[in-house]
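The notes follow the order in which I looked things up.

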Amino acid sequence: IDWFYNVTYTGASQTESGSCDFCPVIKLCDLEYPDCNVSESKWIGNWQCNGGNYNTAECGWDGGDCIKFNEKYPGCNVSKP
């Protein structure tokens with residue numbers, strides 16, 4: 001599992017440069033947050049609070065990335081926290 005991009009590679013061999021010879025990709029965030037509607041689901045859980053539509057209950061507060069921000073600034077909804 002590539003935790004940074006929230007994907008898993010099935011039946012793939014990955015080269016040193018990170019490219020894949022054969023990569024049918026299953027996005028884990030799509031499975032964990034089926035009601036999350038964002039343009040870049042790979043940003044969910046990437047260790048950076050992306051805000052906006054990512055910082056919602058449907059997206060798991062950006063896969064947990066926005067939890068500390070929400071605790072520090074409750075009710076603050078900005079696109080780039």
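I began with Cys 36, which counts as buried because its relative accessibility is 16%; buried means under 20% relative accessible area, exposed over 50% and partly exposed in between, with a 1.4 Å probe and protein chains only. The model is predicted: local features need pLDDT of at least 70, side-chain atom pairs count only at pLDDT 80 or more, and totals for chains, interfaces and linings use all residues. Residues are numbered from 1 along each chain as its sequence is written, and side-chain values use heavy atoms, with hydrogens and water left out.

I located Cys 36 in the loop between helix H1 (28–32) and helix H2 (60–63); helices (H or I, at least four residues) and strands (E, at least two) are DSSP runs numbered from the N terminus. Leaving aside residues up to four places away in sequence, I found that Cys 36 touches Ile 44, Glu 58 and Cys 59, contact meaning heavy atoms within 4.5 Å. Between the C-alpha atoms of Cys 36 and Glu 58 I noted 4.9 Å, although 22 residues separate them along the chain.

For the whole chain, I recorded the pattern β-β-α-α-α and 28% of 81 residues buried.

I then turned to the aromatic rings and counted two pairs; rings of Phe, Tyr and Trp (its six-membered ring) pair if their centres lie within 6.5 Å, with planes under 30 degrees apart stacked, over 60 edge-to-face and the rest tilted. Trp 43 and Tyr 54 form a tilted pair, 5.7 Å centre to centre with 35° between the planes. I noted Trp 43 as partly exposed at 36% relative accessibility and Tyr 54 as buried at 9%.
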